[in-house]
Structure formats: structure tokens, C-alpha cells
Amino acid sequence: MRTLDDLLAEGVSGRRVLVRADLNVPLDKQTGDISDDGRIRAVLPTLGALVEAGAKVVVCSHLGRPKGAPDPQFSLRPVAGRLGELLGAPVHFATDTVGDSARSTVADLADGQVALLENLRFNAGETSKDEAERGAFADQLAAFGDAYVDDAFGAVHRKHASVFDVPARLPHVAGRLVLREVEVLSKLTADPERPYVVVLGGSKVSDKLAVIEALLPTVDRLLIGGGMCFTFLKAQGLEVGTSLLEKDMVDTCRNLLERSGGKIMLPVDVVVADAFAPDATHDTVRVDGIPSHRLGLDVGPETVAGFSAVLSQAKTIFWNGPMGVFEMPAFAAGTRGIAEAITKADAFSVVGGGDSAAAVRALGLDESSFGHISTGGGASLEYLEGKTLPGIAALEN
């Protein structure tokens with residue numbers, strides 16, 4: 001796989017470089033402001049290097065899930081403003097993706113300047129399963145670059161035009177973020193230092209089943225919290241009240257527990273509440289004492305202590321998914337406790353993107369205390385599952 005350094009060594013001054021970034025940041029529904037700019041910051045090393053080398057940088061990204069047509073609530077305009085602040089120079093914004101505004105904005109770029117195209121998913125061709133439609137859109141995008149850099153690790157598991165088809169049309173390299181992500185995740189799949197402990201949370205077992213199946217033979221311990229733990233607890237014959245439950249996954253969870261050889265560790269206590277609300281009446285109960293009318297929204301302190309003891313002995317840690325509804329202060333203690341235990345461990349730690357990365361920032365934890373915080377939740381899980389990621393395959397071709 002060729003890298004950004006290879007491209008820089010060839011010289012990019014005066015050349016147009018199309019950069020696929022992952023600027024899919026959360027926006028406040030009331031104000032439209034960016035609530036977490038972590039993904040914008042993650043691409044700065046690549047963009048900064050290209051700017052310094054005198055390239056004409058054309059950035060493209062998606063945001064949210066528009067239906068293949070312009071939708072103001074998913075505009076990248078706020079991102080252009082924040083990106084300009086972080087780069088210390090204005091970012092020229094095109095009000096469309098491949099139309100008149102995009103063409104004139106790119107044509108007017110001077111050496112060392114940056115443009116951001118409007119949301120890629122405002123065009124149906126970006127996500128189309130029809131190769132001809134996707135290819136036609138890729139042709140239009142590729143016309144904006146003399147070279148292509150993929151620095152959108154959070155999108156490399158998607159067979160989309162900007163990720164899979166454009167690199168077939170231009171000289172292509174991996175950006176610094178993508179390269180770092182692949183290097184880090186390779187450590188977890190090749191020969192991790194042991195004990196190797198994985199912490200999985202989040203809401204659904206079905207979302208994590210493939211990675212659980214892939215990891216069980218290789219990990220030393222698998223700690224399970226979050227909403228998904230209740231399906232496992234149900235598989236043990238326990239009452240879970242009105243907690244999140246995937247009934248069709250109970251037998252699967254029972255089978256996983258039987259096959260795990262004791263590697264899977266479940267909560268021993270949980271925080272239960274009367275309702276899914278920040279001000280709901282709540283308390284902590286043992287997992288064998290969950291009332292039938294209440295729902296679990298966090299793991300309890302004994303669970304945090306038990307999980308932390310295992311993590312303290314680990315040499316490699318992968319964490320994906322919060323332990324509870326961390327967005328509500330009353331149910332954030334479990335996620336905070338596990339995150340803090342990971343930072344204290346003498347281990348190489350990887351936070352697997354998505355809600356876990358958001359939790360680290362939302363809880364005010366020191367990001368530098370973790371070995372690596374991935375920008376791609378789904379991509380990182382699929383990499384660990386051993387799947388071929390279309391964006392990576394396109395770069396290696």
C-alpha cells in the first residue's frame with residue numbers, strides 16, 4: 001500500500017489532491033453546532049502536510065444519512081468553518097458536490113489552499129449498488145484530482161464511489177490516519193501481547209456477534225457490558241425486567257457462553273431504573289435480582305471492580321461500546337470506571353471508535369492515556385472479524 005509520504009516525495013506543489021476524509025461529526029439538533037470535532041482533528045496531519053507541500057487540496061466527505069439528495073440538516077458547511085479554524089486558514093466551501101459550485105471552487109484554488117465539497121451523499125451515485133451509476137459519480141469526483149488520498153478510515157468498510165471507485169481512476173495512497181489505523185489493528189490480529197482482554201458494550205448482541213465469534217478463539221478474556229449484556233443474562237435464565245433484550249439471540253448467547261471456556265465475563269450487578277430518562281428513579285441490584293418492571297441502564301460498581309481487576313493484568317486491550325447510557329450522568333459511572341481502568345493498565349489499549357470514542361471525549365477523559373482511539377467503529381470491528389474492507393482493498397490494488 002502506497003502512503004502519503006510516497007506521494008509527498010513525488011511532489012504535490014501545484015497539483016490537485018482529492019482527499020476522502022471522514023468528517024461525519026455529530027451536530028446539535030437545536031443549534032446545528034458541532035458537538036464533537038474528533039474526526040475533523042483526526043485528518044489534520046494529512047491535510048496539514050499537503051497544504052505545507054503546496055498542494056491544491058480538495059476534501060470530500062459524507063455526513064449523516066441523507067437520501068441521495070440535498071438536505072440542509074446534513075450540510076457540511078459547519079464543518080468547513082471548523083476545519084478552517086483548526087487549519088488556521090479559510091476553507092473554501094462548494095455548495096454542491098460535483099456541480100457548478102464544486103467546479104468553480106476547485107478551479108479557483110491556489111497552491112496550499114483547501115476546498116471542501118458538499119456532502120457526498122447528496123448524490124445517489126455515492127452509495128448506489130449499481131456499478132454504472134456509482135462509476136459515473138466516481139468519474140465526476142476523480143476529475144477534481146491529480147491524485148487521491150484516502151484518510152477516511154471510518155468509511156473504508158463501505159463500497160461507495162468515493163472510497164472504492166475513485167482510487168481505481170487516480171494514483172492513490174493511504175493517508176496518515178488510515179495508515180495508523182491499519183498498523184494498530186494489525187497488532188490486535190497478528191500477535192497481541194498477552195493477556196489480551198476485549199471489552200464489548202453497546203446495545204445489541206446482533207451488532208457484535210461476528211466480532212465475538214472471531215475474537216473468542218484469540219482473546220484471553222471477553223468482558224461484556226452495555227445493553228447487550230441483558231441478552232446474555234437472559235441466556236443464563238435470569239430475569240432482566242424491561243431491559244433491552246434480543247429474544248432471537250438468547251440461544252446464540254447461550255451457545256457462546258458454553259463454547260467460551262469461561263472466557264466471557266458478565267456483569268454481577270447493574271443499575272436499574274423505572275424509565276429510560278435522566279431523572280428516573282434508580283438503584284443498584286444484583287443481576288439475579290432485577291425487578292420485572294425495571295430496566296438496566298448501566299453496569300454496577302461491583303462489576304466495574306471485577307472488570308477492572310481483569311484489565312489491570314492485561315497487556316493488550318480493545319474496547320468497543322459503552323457500559324451504559326453514558327449520555328445521562330446517572331448512568332455514566334460504569335463507562336467512566338471501565339475507561340479509567342483501561343488508562344491505568346500497563347497495556348497497549350485501543351478504543352474502537354463510535355460511541356466509545358465519543359464517551360472518552362464526553363466524559364472529559366485524557367485521550368492521550370489510551371494507546372489509540374479509532375475513528376471507525378464499524379470499520380474497526382470488521383477489520384478484527386477478518387473481513388476484506390473495500391476501501392483498503394482499493395488502496396492495495
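Predicted model: local features only at pLDDT ≥ 70, side-chain atom pairs only at ≥ 80, totals over all residues.
Local features were kept at pLDDT of at least 70 and side-chain atom pairs at pLDDT 80 or more, while totals for chains, interfaces and linings use all residues. Residues are numbered from 1 along each chain as its sequence is written, and side-chain values use heavy atoms, with hydrogens and water left out.

Some 55% of the 397 residues count as buried, meaning under 20% relative accessible area, with exposed over 50% and partly exposed in between (1.4 Å probe, protein chains only). Of the contacts (heavy atoms within 4.5 Å) between residues at least 6 apart in sequence, 72% join residues at least 24 apart.

Now for the inside. The largest nonpolar core has 67 residues, and L117, I212, L222 and F232 have the most contacts inside it. A core of this kind is a set of buried Ala, Val, Leu, Ile, Met, Phe, Trp, Tyr and Cys residues joined through side-chain atoms within 4.5 Å. Apart from that core lies another, of 31 residues, including A21, L44, F93 and V114. Beyond its neighbours within four places in sequence, L117 touches, among others, C60, F93, A102 and V106.

Two of those partners, A102 and V106, are buried in helix α5 (residues 100-107), along with S101 and T105. Down the axis of α5, the buried residues fall within an arc of 120 degrees, so they line one face of the helix; the arc is that of the directions from the helix axis to the C-beta atoms. The face turned away carries the exposed D100 and A107. Cover for the buried residues of α5 includes β1 (16-21), β2 (56-60), β3 (91-93) and β4 (114-116).

As for cysteines, C60 is buried at 1% relative accessibility, and C229 is buried with a relative accessible area of 1%. The C229 sulfur is 10 Å from the closest cysteine sulfur, in C253, too far for a bond. With a disulfide taken as a pair of cysteine sulfur atoms within 2.5 Å, the count is zero.

Methods
Helix = DSSP H or I, 4+ residues; strand = E, 2+ residues; numbered from the N terminus.
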